[in-house]
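Colleague: I would like to learn how to read a pair of aromatic rings in a model. Please start with the fold and then go to the rings.

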Amino acid sequence: MKTYSDMTKKSKISEDVALADLKKFLEKYKAKEMRRGQLKDDKIKDDYVDVLEAIQDGFMVFDDKHNPKYTLRVPLETDGGNPELATREILFKTRVRPSVKADLMDGLKIETQLGKFSIRYMGYIADLSAGDIDKLDPEDYDVINQICSVF
């Protein structure tokens with residue numbers, strides 16, 4: 001099993017190449033903001049700094065349709081500690097239907113429970129339970145949170 005330190009030894013992708021990949025992804029999922037010039041390079045670098053670094057380090061990749069796949073820096077182990085059952089990759093749902101969003105909000109007062117909604121939303125998009133989200137390494141959490149904010 002590869003460790004975090006083994007994975008960070010990968011050759012880095014340049015910031016320019018990583019930014020170009022991220023922009024293609026954003027052009028697909030934030031088309032309106034990109035067309036209107038609301039997402040300039042500096043704003044992208046600020047708003048998606050963790051995603052950009054994950055791309056540079058080889059943890060975040062996009063397929064030919066610009067859908068993201070993230071390899072966790074620190075895999076999520078099962079309660080039994082079996083490394084064979086650990087979650088290592090996150091494939092993101094790239095669309096949240098209005099009816100699903102309503103189900104995720106069900107029973108919440110969004111004005112006062114925005115944090116709870118955010119966890120449910122992230123869990124749905126990344127296919128993770130709230131317990132798994134709690135177990136995420138802080139860097140993994142930040143990357144997943146930034147990607148989920150796109151959808």
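Predicted model: local features only at pLDDT ≥ 70, side-chain atom pairs only at ≥ 80, totals over all residues.

Modeller: Residues are numbered from 1 along each chain as its sequence is written, and side-chain values use heavy atoms, without hydrogens and water.

Colleague: How many helices and strands does the protein chain have?

Modeller: Helices (H or I, at least four residues) and strands (E, at least two) are DSSP runs, numbered from the N terminus. The protein chain has nine helices and three strands, in the order α-α-α-α-α-β-β-β-α-α-α-α from the N terminus.

Colleague: How is a pair of aromatic rings described?

Modeller: By the distance of the centres and the angle of the planes. Rings of Phe, Tyr and Trp (its six-membered ring) pair if their centres lie within 6.5 Å; planes under 30 degrees apart count as stacked, over 60 as edge-to-face and the rest as tilted. The structure holds five aromatic pairs. In one of them, the ring centres of Phe25 and Tyr29 are 5.3 Å apart and the planes stand at 50°, so this pair is tilted.

Colleague: Where do Phe25 and Tyr29 lie?

Modeller: Both are in helix α2 (residues 15-29), four residues apart, about one turn of the helix. Phe25, Tyr29, Phe62 and Phe151 form one aromatic cluster.

Colleague: Is Phe25 buried or exposed?

Modeller: Buried means under 20% relative accessible area, exposed over 50%, partly exposed in between (1.4 Å probe, protein chains only). Phe25 is buried at 0%, and Tyr29 is buried at 19%.
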